Protein chains: 2
Amino acid sequence: MTDMWEISSVEFNKDNIPWYGNKFLIGNGYFGIRGTMEEYTKEQMCAVNMAGIYDRVGDAWRESVNAPNVLYTYIKADGAVYALPDTEPAEHIQSLDFRHGIHLRRTVWQTPKGKITLECERFASMERQHIVGLRCTVSADYDCDFEIVTGIDGDVWDINGPHFAKLDISCEDGVKSVVGTTGEKGVTVSAAEYIRFDFDADKSCDITDKAALSHICFRAGAGKAYTVEKIAEIYSSADTLERSGDIKSLTYDEAKAESVAAWEKIQEISEVVIEGDDEAAKALNYSLYHLNCIAPRNMRSMSIPARGLSGQVYKGAVFWDTEMFMIDYFIYTDPEVAKTLIRYRIDTLGGARKKAAEYGLNGAYYAWESQEGGIEGCSDYNVVDVFTKRPMRTHFRDKQYHVSAAVVYAIMKYIDASGDYSILEEGAAEVAVECARMYRSLLIKKADSDKYEIHDVVGPDEYHERVNNNAYTNRMAKFVFEKTVQLLGVLKDKYPDCYAELDEKYELDRLYAVFADSAEHMYVPEPNPETGLIEQFDGYFKLEDASVDEVRSRLLDEKEYWGGAYGVASDTQVLKQADVVAMLSMFKNDYSTDIMRKNWNYYEPRTEHGSSLSACMYSLLSCYIGDPDSAYPLFMKSASADLLPGSKQWAGLIYIGGTHPASEGGAWIVATLGFAGISAENGRLVSRPALPSKWKAMRFKLRFGGKLYSVNIEGNNSVIEEIK
Amino acid sequence: MTDMWEISSVEFNKDNIPWYGNKFLIGNGYFGIRGTMEEYTKEQMCAVNMAGIYDRVGDAWRESVNAPNVLYTYIKADGAVYALPDTEPAEHIQSLDFRHGIHLRRTVWQTPKGKITLECERFASMERQHIVGLRCTVSADYDCDFEIVTGIDGDVWDINGPHFAKLDISCEDGVKSVVGTTGEKGVTVSAAEYIRFDFDADKSCDITDKAALSHICFRAGAGKAYTVEKIAEIYSSADTLERSGDIKSLTYDEAKAESVAAWEKIQEISEVVIEGDDEAAKALNYSLYHLNCIAPRNMRSMSIPARGLSGQVYKGAVFWDTEMFMIDYFIYTDPEVAKTLIRYRIDTLGGARKKAAEYGLNGAYYAWESQEGGIEGCSDYNVVDVFTKRPMRTHFRDKQYHVSAAVVYAIMKYIDASGDYSILEEGAAEVAVECARMYRSLLIKKADSDKYEIHDVVGPDEYHERVNNNAYTNRMAKFVFEKTVQLLGVLKDKYPDCYAELDEKYELDRLYAVFADSAEHMYVPEPNPETGLIEQFDGYFKLEDASVDEVRSRLLDEKEYWGGAYGVASDTQVLKQADVVAMLSMFKNDYSTDIMRKNWNYYEPRTEHGSSLSACMYSLLSCYIGDPDSAYPLFMKSASADLLPGSKQWAGLIYIGGTHPASEGGAWIVATLGFAGISAENGRLVSRPALPSKWKAMRFKLRFGGKLYSVNIEGNNSVIEEIK
């Protein structure tokens with residue numbers, strides 16, 4: 001079974017450095033550490049990426065901040081440096097135990113005199129989220145003078161940095177420390193470490209401009225192993241976690257054992273067993289590993305960026321991805337994390353109000369790329385034109401109104417599965433009201449119509465900007481109106497004080513009528529009576545019906561952006577990602593299987609799947625249509641987004657590599673809500689499975705209504721049992 | 001005084017060939033003949049450009065058709081060809097008598113033996129609009145063997161041709177004939193000619209693939225002149241003019257005398273005398289010459305393309321230019337021509353209805369680039385990207401709704417000045433109703449507003465696409481609603497049968513209420529109470545306030561388009577042409593001088609004047625503000641658009657050279673309605689002059705209410721007298 005929880009690479013290839021940084025990532029929700037080698041620097045996109053801390057330098061985009069690198073380590077043998085990627089190794093293995101978050105590398109170099117070996121194991125503690133452990137062992141097959149250089153590198157990788165306006169570096173009582181202070185807000189990000197070893201060596205500490213380094217020099221006997229252990233801690237003045245204790249008293253083995261135990265506790269509930277398809281099981285559990293690496297545990301209010309904690313890609317910002325694709329897994333396995341994610345949106349309501357006001361709208365318009373406090377990280381110019389190198393005016397920021405609906409959608413999903421309405425009192429009710437008010441201010445009526453329309457939007461398919469009556473957006477607006485009306489009823493009943501407070505602020509009776517009117521008269525494109533097709537937006541079917549391959553062939557530059565005003569896809573029916581299909585899978589009870597099938601069949605061949613959010617939505621709808629074997633390859637695509645090469649690296653001239661947690665969350669959704677057919681009916685968990693052909697059985701656990709259940713599926717039979 | 005009516009060039013410069021083709025144009029409204037040399041071919045953009053005949057080849061843009069070139073003539077001396085531009089001349093003069101439309105060229109070449117001279121005079125008959133006259137005289141200062149080759153060249157210049165799918169060429173009884181038949185619709189464009197001369201020569205006729213040519217060979221005595229005269233006629237199967245009689249019986253001198261007389265009759269009313277500023281007088285009368293060259297005389301229904309009859313530029317299509325800038329001159333000097341222009345819009349109502357339906361709108365949405373029958377010549381891709389060479393999606397065609405309002409505006413101008421309501425019965429009332437219905441279907445209301453707005457438009461300033469509540473467009477929509485209500489009242493009163501017919505079709509009582517409601521609740525951006533500024537569209541003032549020079553400096557390529565989604569002007573306040581200022585000058589009675597001045601001062605420095613329609617609008621508003629000296633340079637810019645070099649030749653990679661009749665019409669508007677302060681008050685002509693400083697006096701004639709008036713202005717005194 002070890003192999004089911006381990007990924008590894010046994011060759012060294014420089015070209016894989018950026019991708020392996022994502023693939024071999026470790027993390028604990030407080031930070032993510034890219035799967036780069038210990039001796040790597042910013043040149044190799046090395047990063048300890050912090051959750052929820054952002055900074056801006058000059059006019060560049062705001063982005064998340066990377067902590068000083070506490071893993072930094074390299075070795076010298078007989079005075080010569082042996083370090084990747086410059087010194088070609090004789091052997092090299094990199095592996096990850098993704099059941100427990102343990103990263104290992106073992107590299108052998110040929111020296112003039114023989115072979116030397118460096119082996120490093122590391123983990124980000126899941127028990128104490130400030131803590132990182134690193135254990136390095138060196139050996140040689142001949143007598144050799146080794147020097148191990150290890151410490152904290154403050155010269156971190158930045159896309160739009162440098163973010164540390166100041167670095168304070170010290171070495172006292174064996175504790176090295178590098179404290180960076182950000183320029184914009186003066187947030188400190190601190191790293192400290194303590195090392196131990198039990199062999200004779202000369203040890204000195206070296207403070208440079210940007211680093212604090214220990215030098216451990218010793219004479220090594222042939223064939224003998226020498227181990228240095230490091231316990232490091234990372235913390236910040238923006239912290240929401242308590243400090244983790246004394247790094248001088250904690251041993252590597254203790255810390256590792258604790259962390260493994262914490263991971264094991266998570267895996268007990270997280271693991272999905274699939275009999276008959278090890279590849280799928282491995283990909284899915286690997287995906288869930290990534291979600292757990294970046295889940296904000298032990299924090300009151302925090303969210304997950306679209307690229308997780310794999311770097312500053314997408315500015316480290318939080319997108320609708322979290323609410324649409326990631327939160328489901330947490331709702332059903334660790335509702336406290338889901339609540340933390342929702343609280344992030346409650347706590348950033350101020351930012352969303354500010355953004356709405358900026359556009360002359362009422363209520364709350366959440367940031368498309370949300371940073372701390374709900375600051376909008378998205379620029380009006382979010383893509384660079386490959387031909388002119390000019391920033392291109394894009395409309396992600398100003399027209400992608402559906403982001404606010406996603407927040408309400410997540411709140412509803414949480415409440416429906418947890419039965420925990422307390423979130424309403426905590427602020428979720430007001431979030432819903434404010435989102436509904438925003439949508440209300442988008443509504444227009446044509447002079448001689450009684451239907452409300454929404455014009456000039458960007459739907460999930462971002463390749464088509466500034467469209468009218470995007471089916472998805474309009475349906476989501478209707479959903480927000482309906483649900484807000486419903487939630488206000490619950491609030492009045494369960495939390496009368498909170499209701500009264502909101503009533504004073506908003507005159508809820510009046511709003512109730514306004515929202516009911518909005519829901520009733522909302523125009524949502526309907527299936528065409530002849531074809532069953534729902535038009536993605538007004539005029540979509542009139543666009544050129546070119547194939548994805550044909551459209552791709554029109555690219556003059558492979559990095560060229562497909563969308564915008566003049567992109568190769570813009571005037572065609574080719575879409576970036578599920579749009580109508582997303583709507584159908586979210587509102588499956590409103591549409592017949594026939595309608596779902598017809599739309600799936602129409603839209604899928606026209607979809608580039610240029611977003612990692614796309615495949616899982618198509619896959620889910622395939623499950624709802626009752627066609628798990630069509631769903632399967634798309635499920636595998638979602639589950640393997642970070643496991644296999646090939647993910648999109650560029651949008652225009654903007655680097656968009658990194659991990660794909662939405663895709664990973666989407667894979668879990670397909671597995672459980674899709675293949676296992678989990679749904680809540682009348683407050684009870686129900687499973688109507690339709691497994692892919694080669695899946696013999698499927699077992700997993702779910703939390704629902706405050707209880708834990710096991711789900712055991714064998715073929716078409718499903719048994720759901722409460723675990724006491 | 002001759003000089004006042006003559007322009008000439010005494011040097012030969014190849015670079016001027018395209019421009020001189022426009023500058024020295026002759027025409028009579030049935031066709032325009034570019035001011036190119038007789039020996040030129042399509043390589044030198046030689047064209048006999050036909051009014052109202054269009055053709056499409058393949059997927060290329062539809063464009064107007066050029067007739068076979070009846071001027072084609074070159075000479076040989078002692079066997080060698082002497083022809084521009086290849087044979088450098090010793091002397092060369094090209095001149096135009098623009099009082100009478102007589103074009104002259106005289107070229108001297110140095111041969112090995114001495115000098116030879118070619119002199120050609122030509123005219124497009126203003127009396128018989130099918131007829132062209134050409135007289136060529138050759139001489140040499142030594143005894144010489146001359147050959148004059150003259151005939152009809154069917155190998156015409158085309159931008160998106162060739163348009164003649166078939167050429168029938170013949171030479172019978174001394175009459176040469178070339179008949180081209182267009183590929184799309186099978187329209188024939190025929191040219192025939194007959195030549196005379198009274199000296200001894202060998203004469204033969206040569207029929208080639210694309211031409212019919214006479215060869216006249218003779219021995220010339222030193223110092224003796226030999227003259228060949230040609231009468232040619234041009235006609236078409238799409239004709240709206242009667243044939244002109246027998247080309248064999250008409251002599252050059254007769255035909256010339258007739259045409260000169262017809263021109264003189266026009267000039268008697270057209271001429272504007274300006275004392276103290278010959279330069280302005282010449283430029284203005286030269287402008288009016290151009291308008292007369294392209295005025296559709298003796299035709300029931302026809303309009304004027306935006307580049308006149310100077311070629312296939314802008315597809316030979318009719319724009320709002322005619323209604324906004326050209327028609328005023330005709331309304332006041334030759335109302336029959338104005339009526340012909342309006343009938344064109346009446347007769348193309350079907351095309352406008354079709355276009356409206358195409359966009360899901362009611363009523364009539366006139367073509368942005370109107371061709372025969374109201375066919376929309378404008379493509380969705382009207383500019384070519386200089387960087388990718390791809391056609392760019394533009395919104396001239398689909399979003400420039402203000403074109404329909406311009407048609408109604410012209411109808412009102414015509415009625416107000418002529419007192420002739422019969423046009424209503426002829427169809428103008430229905431045009432107004434259909435335009436109003438179109439605007440009604442554009443109106444939207446925000447859910448909690450009682451104002452009608454119009455979103456997603458392109459205003460006169462085309463650099464800013466897809467804007468909301470463009471002040472100009474909204475004001476014009478209101479105008480259309482108001483005037484249609486008013487016209488329906490007149491129609492009911494004066495033409496009850498016509499009213500009854502429309503009533504049956506449209507339920508006019510209901511429409512009356514609908515239009516009144518629309519006018520009443522129409523949102524038109526108002527002057528800001530603090531600044532007096534009217535925002536061009538929602539959010540305009542939030543755009544970057546960069547100077548025109550700054551914006552220009554950002555061009556990476558001089559041919560790059562300034563507008564569209566990513567143009568250098570698009571996200572700045574820099575505008576292409578008068579927009580708010582156009583509205584203010586059109587609705588001057590609605591705004592105080594102070595508001596007009598403040599907006600002029602704000603918008604003028606931000607205006608690129610990238611359209612020839614811009615300067616005259618600014619100039620006119622300056623007059624209304626009472627500042628004729630600020631108006632003057634912009635007036636001169638308008639009046640000199642084709643007289644001086646420097647007009648815009650490119651929009652992206654699309655050639656847009658040609659004459660600028662809107663600018664010329666605009667110059668007349670500024671001179672008469674602006675400087676002379678002409679307006680109609682209570683059905684009477686009034687003049688409140690404010691002349692530019694150096695203008696001592698101004699005299700011109702106007703038709704008004706069916707009568708002819710002289711206007712005599714000396715300083716601030718103006719006398720208007722009816723001419724019996």
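How many residues of chain B are in contact with chain A? Hi everyone, let's start there: 21 residues of chain B are in contact with 21 residues of chain A, where contact is counted if the C-beta atoms, placed from the backbone, lie within 7 Å.

Before I go on, a word on what we are looking at. This is a predicted model, in which local features need pLDDT of at least 70 and side-chain atom pairs count only at pLDDT 80 or more, while totals for chains, interfaces and linings use all residues. Residues are numbered from 1 along each chain as its sequence is written, and chains are lettered from A, with ligands numbered from 1, in the order in which they are written.

Back to where the chains meet. On the side of chain B that touches chain A, strand β22 (residues 444-446) gives the most, with three residues; strands here are DSSP runs of E, at least two residues long, numbered from the N terminus. By class, that side of chain B has nine nonpolar residues, three polar and nine charged. Nonpolar covers Ala, Val, Leu, Ile, Met, Phe, Trp, Tyr, Cys and Pro, charged covers Asp, Glu, Lys and Arg, and the others, Gly among them, are polar.

Strand β22 of chain A pairs with β22(B), antiparallel, over three bridges; pairing requires that DSSP finds at least two bridges between the strands. Look for Lys446(A), whose bridge partner in β22(B) is Ile444(B).

How do the copies relate? A rotation of 179 degrees with 0.0 Å of shift along its axis superposes chain B on chain A, with an RMSD of 0.1 Å.

Now into chain A. Here five strands form an open antiparallel sheet, in the order β7-β6-β12-β17-β16. β7 (80-82) and β16 (202-207) stand at the edges with a single partner strand each, so one side of each has no neighbour in the sheet. Within this sheet, ten antiparallel bridges join β12 (residues 144-153) to β17 (residues 211-220) of chain A, and Phe146(A) has Phe218(A) as its bridge partner in β17(A).

One last stop: in β5(A), the bridge partner of Tyr54(A) is Ser64(A).

Technical notes: Contact = placed C-beta atoms within 7 Å. Helix = DSSP H or I, 4+ residues; strand = E, 2+ residues; numbered from the N terminus. Least-squares fit on C-alpha atoms with pLDDT ≥ 70 in both.
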